[in-house]
Amino acid sequence: MSTLSTVDESALPAARTNDDFGGKSGGRAFCDQAARVVMWVAFVVALIPLVWILGATLLKGGHMLLDIDWWTKSQSGITARREGGGAVHAIQGTLIQALVTALISVPIGVLTAVYLVEYGRGRLAKAVSFMVDILTGIPSIVAALFIYAMWVTTFGLQRLPIAVCLALTMLMIPTVVRSTEEMLKLVPNELREASYALGVPKWKTILRIVIPTSFSGIITGILLGLARVMGETAPLIILGPYTAVIATNLFDGLMPTLPTMIYQNYTENLQPAIDRTWGAALTLILIIFVLNIAGRLIGRFSKVKN
Amino acid sequence: MKIQRLGAMASLALVGSIALTACGSDNTGETTSSGDTTANSSAASDCFEGTLNAEGSSAQKNAFEEVASGFKAKCSGATVNYNPSGSGAGIKQFIGGQVDFAGSDSALKTVEKDGKIEAKEAETACGSPAWNIPMVTGPIAVAYNVKGVDKLTLTPAVAADIFQGKITTWNDPKIAAINSGVTLPATAIKVFFRSDESGTTENFTKYLKAAAEANWPGEPAKTWDGKGEGKAKSAGVAEGVKSTDGGITYVEWSYAKDNNLGVAAIDNGAGAVELNSESVGKAVATAEQTGTGNDLALKLDYATKEPGAYPINLVTYEIVCSKGKDADKQKNIKAFLKYFASEEAQKTIEEIGYAPLPAEVQTKVATAIDAIS
Amino acid sequence: MSSITGHSAIDELPSGDGRPPLDADKAGTGRLGDRIFGGLATGSGIFVIVLVSLVGVFLVIQAVPSLLNNNANFLTSREWVPSGADPRFGIVDLLWATVITSILAMAIAVPLGVSVALFITQYAPAWLSKPAATLVDLLAAVPSIVYGFWGLSVAGQYFDSVAKAIDAVLGWIPVFEFNGSPIAKSTLAFAGVILAIMILPIVTAISREVFAQVPTAHKEAALALGATKWEMIRTAVLPFGKPGVISAAMLGLGRALGETLAVTMLLSALNASAAFSLSIFGGGETFASRIANDAGEFDSAQKTGAYIAAGLVLFILTFIVNAAARVVIERRKAFSE
């Protein structure tokens, strides 16, 4: 997003050749080279866990995903020590919860961003902005405890899939606010001015001009926000226990998800369950990667406007 | 505008993928078509259409799932879910009316705890007394992993000393004295315990307290007050022992079997007793019933000196309303529990590390289930 | 990147008084549509404030009765017996484990993340710069639970020799003493390493953004004066990026404090009578892991309240850290104007 780019090495011939001026002692040149090596090493070190995790997951879970059953069946009637069954119940639960979470948090998040950029003034705007930061930093387990304290302890309601969505909403709102805010600020003021000059009211200007102009950027933010909440496990452990069957009702019973499927199978110590753990982990990583990459691709297109 | 369309397509794709997953199915269809429906017609009267939800003890989870799976093979329209969130949670959800019945490692408490009496609360919630029905016997194994040792005998006193951190190496003379003929290495003993609250911990400490009171100062409780390092859930302690030479823990037999851990024979004073379904059945059969009538809460004699009886057992119960508010639901629960207590179901759980109910207890359980209404 | 870090790039850019001057208030007043839409937007903003306040209020309300029943000092006790007739619970051990794992994570992730950010912005060849940034960002896409599972069943076994090596060299300092109990992969140190990997993308992404904003003129000036590239970085890039790096570290710290699943799966809990140990190779439980571990056992109000009180402390901790990060950012805005 930044308008300032890194220094283009080729554009700085002076920097390249100033060795010729003889200004550098051996020690300084050594430091320079050492720093270069350190940076490269740091990058390689940072990649080790990524490659290792992806490699291990692919190696141990890959074969699960090749079976068509994985994508078409649930674990209904299949116990930990038996092979077979699929993950469709968990995939579906994860997607449903993500969709509902998005449906709740996107309007709130986008409107909050609109407020911050288009309406917000003075103390209230500062307070909102500050609270969004705090919300960003709330650990998922605290969000889950809050929903538990409110939903179960105070209102006496059951642990339902919708309660999970509420906890995830708390985690998703700030990412939506921040990315939307960023995008709205990129919309040139000339566009707004032109619209006002034509006598279009402010709300229509925002809905018809400002938001559409930054639409793809907002979608990017939503997809990346979704990617974050899909991998959250802590709220699910407190609010959304696992079940092995397909469940689509957000207001009754349990709804399985990929993170709880991983957690459940991890506690088994049996080979079929361990295979499923890796398979579910790989599936979850794939879904999150696809969302991430889709978000980034869309985001790249939006740069055209800049 | 092209950009807009792209964004719209992305959102469409997301919605589409969700819609697509709805094409997936549970495996119900297949189990029915492959199962022999005519052969099951006799049991058909006990089948029902619908879902039961149970929650509770993780100790009986594997058994429960195995049986639920078998039940589903018989009655394709019946789904029984089990959420192994722990006995306490199960009882709480049961009292709160959130699940149809609870699985628990211990019978409902009849004494006050935290200002509440579980049995009273359950009775209020049901509108009738709640019954504890023993269903699954889970022996607790003292599981170890010591290189070169594949046979080990422990007395309650020595076990207590090990779990108290008083015996710290495997070749301690106290261990050697009761294991003649076994070569014990000088490896350090590493004790693993359950860091989450657990009925397994409670029962194991009850055993140590009952059989070796002098060596176990603490009171039996769901939280561990011995030594060692804590791991979450049975899977955690089993994994800990598996990956540590010199490790020892107390864990459900099935986890010890699944992880190929060594299981110690226990010598309560009448000779070393191996852990197997016979020795467990013998111990459960001698247990005293503390509940009245069809409330089959049992009291195991941990200090039993009965020859050939394996003393460290966990009897897990299904906690049900004797007379429920929803008659249909009660009928469904009854049907499922009847299957659970059947010889067929008890045999399948034996294969996965649980012990079947001994004949005497099985008869009483059948009577109690028949009385549910 | 902001969506990974939840941290706005806008905050990094000095933007006058922060608000675009254009409010077209005259275009907006009076009309019904404007009042509705403006009201909705303002309402959403207020909702966010209310939501965060509610978190605090609910946690306090639920925690207070348990805290009043607590027979031990909540802030100084090491015990954790939250239920029963004599509830005694305190947070010392939880706080220690939480802080030490987070500090370890910072000690690894901040230098590494800054180096990676420098690599991406200053050293990487042009073709590598973008893919490199994306790769590091992908680390943030791996769910916490997968880190835990991977650490436990794949990577953990190799940490034993690392722990032994550190013990051999530095073991005479109590902090680095490793005696094999708990096993190496269940120590605070290894949890710290896993946390470091998890917050690395956050630290890298924010540092990268600020380093990319260093004015070209500053860098060219340094180079023109005969500085080597490393000297240019030291004199121009790092000073400019320092507040950004600090806030990156703070946000990473906030994330590390609250990480749950990976830590829960890895750490070995101490037994109730274990002596307090300073060693990073000790066991323990963090706030988050203790809560998650016992989530199935919230069976009385007293007990639930104790865990909620622990959650409240965690909330306050992260609140302070995030607020501090924000102050650093604000300060920087003021300076750069």
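User: How many residues do chain C and chain A bring to the contact?

Analyst: In this predicted model, the contact takes 90 residues from chain C and 100 residues from chain A, where two residues are in contact if their C-beta atoms, placed from the backbone, lie within 7 Å. Local features need pLDDT of at least 70 and side-chain atom pairs count only at pLDDT 80 or more, while totals for chains, interfaces and linings use all residues.

User: Which helix gives the most on the chain C side?

Analyst: Helix H3 of chain C (residues 32–69) does, with 18 residues; helices here are DSSP runs of H or I with at least four residues, numbered from the N terminus.

User: Switching to chain B, at what angle do H12 and H14 cross?

Analyst: The axes of helix H12 (residues 327–341) and helix H14 (residues 359–370) of chain B cross at roughly 170° and come within 10 Å, the axes being lines fitted to C-alpha atoms over the stretch in contact, with angles from 0 to 180 degrees between N-to-C directions. H12(B) and H14(B) are therefore roughly antiparallel, a label for angles over 145 degrees.

User: Which residues meet there?

Analyst: From H12(B), B:Lys334, B:Leu337, B:Lys338 and B:Ala341 meet B:Gln362, B:Val365, B:Ala366 and B:Ile369 in H14(B).

User: And what does A:Ile147 touch?

Analyst: Not counting residues up to four places away in sequence, A:Ile147 touches A:Ala163, A:Leu166, A:Ala167 and A:Leu239.

Note on methods. Residues are numbered from 1 along each chain as its sequence is written. Chains are lettered from A and ligands numbered from 1 in the order in which they are written. Helices (H or I, at least four residues) and strands (E, at least two) are DSSP runs, numbered from the N terminus. Angles under 35 degrees count as roughly parallel, over 145 as roughly antiparallel, 65 to 115 as roughly perpendicular and the rest as oblique.
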